[in-house]
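Subject: Structure handover

Hi,

Here is the structure I promised to pass on. Have a look at it first, and then read on for what turned up.

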Amino acid sequence: MIRLQVVLAGSMRALDTMAELADRLRQHDIHPIVPAADDLSAPLTPAQLVEVKREASRLHFAHIRDPRTSALVVVNPDRHGTPSYVGPNTFAEIAVAFADERAIYLLHDIPTEYEDELRAWGARSFLGSQDGLVSAVAEMKPRDHRHR
């Protein structure tokens, strides 16, 4: 029985870490939703690429807004010299999670450029500790989505 649903987010370059974290969450009867990898195997026109990315974003936002989702788990390793990188799409996903009253967990530190907002929104940082993050998520109570 799945007792909790969470959505994972982050740069597509962190998909391997998201998959590893998802496996660990499943061991605690938590249903993780991992973003689908961009399928860019066929050559796309610029307009087609925009549409593919638009639809991927819509789908991921829908998962975050799903009444069964209790938390957004952000995988934010260092990238391009930026510590605890959170890109624009991930920040937008965090904002949606906050607006819909989902818990927000960051695997790594809170990035300085978004520190004020993320602290105000109650984001919790686990400084790279998958064990700490998994334990915190496992202790969550499932959302009561019957009344939404």
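One term before the rest: when I say that residues touch or are in contact, I mean that they have heavy atoms within 4.5 Å. Also keep in mind that this is a predicted model.

Let's start with helix 1 (15-26).

Strand 1 is joined to strand 3 by 6 bridges and to strand 2 by 4 bridges, running parallel to strand 3 and to strand 2. If you want specific pairs to click on, Leu8 has Val73 in strand 3 as its bridge partner, while Gln5 has His31 in strand 2.

Is strand 1 buried or exposed? 7 of its 7 residues are buried, so the strand is largely enclosed by the rest of the structure. In a regular strand, side chains alternate between the two faces of the sheet. Here both faces are covered: one side has Leu4, Val6, Leu8 and Gly10, the other has Gln5, Val7 and Ala9, and all of these are buried.

In soluble globular proteins, nonpolar side chains tend to be buried together. The largest nonpolar core in this model has 20 residues, of which Val6, Leu21, Leu25, Val73, Tyr105, Leu133 and Val137 touch the most other members. Strand 1, helix 1, strand 3 and helix 5 (130-138) each supply at least two residues of this core. Apart from it lies another core, of 16 residues, and among them are Val7, Val74, Ala97 and Tyr114.

Now over to helix 3 (88-99). This helix has 12 residues and reaches 16 Å from its first C-alpha to its last, close to the 16 Å expected at 1.5 Å a residue. Thr90, Phe91, Glu93, Ile94 and Ala97 are its buried residues. Seen down the axis, they fall within an arc of 160°, so they line one face of helix 3. The face turned away from that buried side carries the exposed residues Pro88, Asn89 and Ala99. The cover over the buried residues includes strand 1 (4-10), helix 2 (46-65), strand 3, strand 4 (103-106) and helix 4 (115-120).

A few local spots in the loops are worth a look too.

Arg79 is in the loop between strand 3 (69-75) and helix 3. Its side chain makes a polar contact of 3.3 Å with that of Ser11. Leaving out residues up to four places away in sequence, Arg79 touches Ser11, Arg13 and Tyr85.

Asp66 belongs to the loop between helix 2 and strand 3. With a relative accessible area of 13%, Asp66 falls under the 20% cut-off and therefore counts as buried. The side chains of Asp66 and Arg68 are joined by a polar contact of 2.6 Å. Asp66 is also in contact with Gln5 and Arg102, if you set aside its neighbours within four places in sequence.

Finally, some backbone angles. Most residues other than glycine have a negative phi. His80, in the loop between strand 3 and helix 3, has a positive phi of about 50° although it is not a glycine. Leu127, in the loop between strand 5 and helix 5, has a positive phi near 45°. His80 is exposed, with a relative accessible area of 65%, and Leu127 counts as exposed at 65% relative accessibility. Just after helix 3, Glu101 takes a positive phi of about 60°.

Cheers

Methods
Residues are numbered from 1 along each chain as its sequence is written. This is a predicted model: local features need pLDDT of at least 70, side-chain atom pairs count only at pLDDT 80 or more; totals for chains, interfaces and linings use all residues. Side-chain values use heavy atoms; hydrogens and water are left out. A polar contact is a pair of N or O atoms within 3.5 Å; within protein, one must be able to donate a hydrogen and the other to accept it, and residues adjacent in sequence count only if both atoms are side-chain atoms. The expected span of a helix is 1.5 Å times one less than its number of residues. Buried means under 20% relative accessible area, exposed over 50%, partly exposed in between (1.4 Å probe, protein chains only). The arc is that of the directions from the helix axis to the C-beta atoms. A nonpolar core is a set of buried Ala, Val, Leu, Ile, Met, Phe, Trp, Tyr and Cys residues joined through side-chain atoms within 4.5 Å. Two strands pair if DSSP finds at least two bridges between them.
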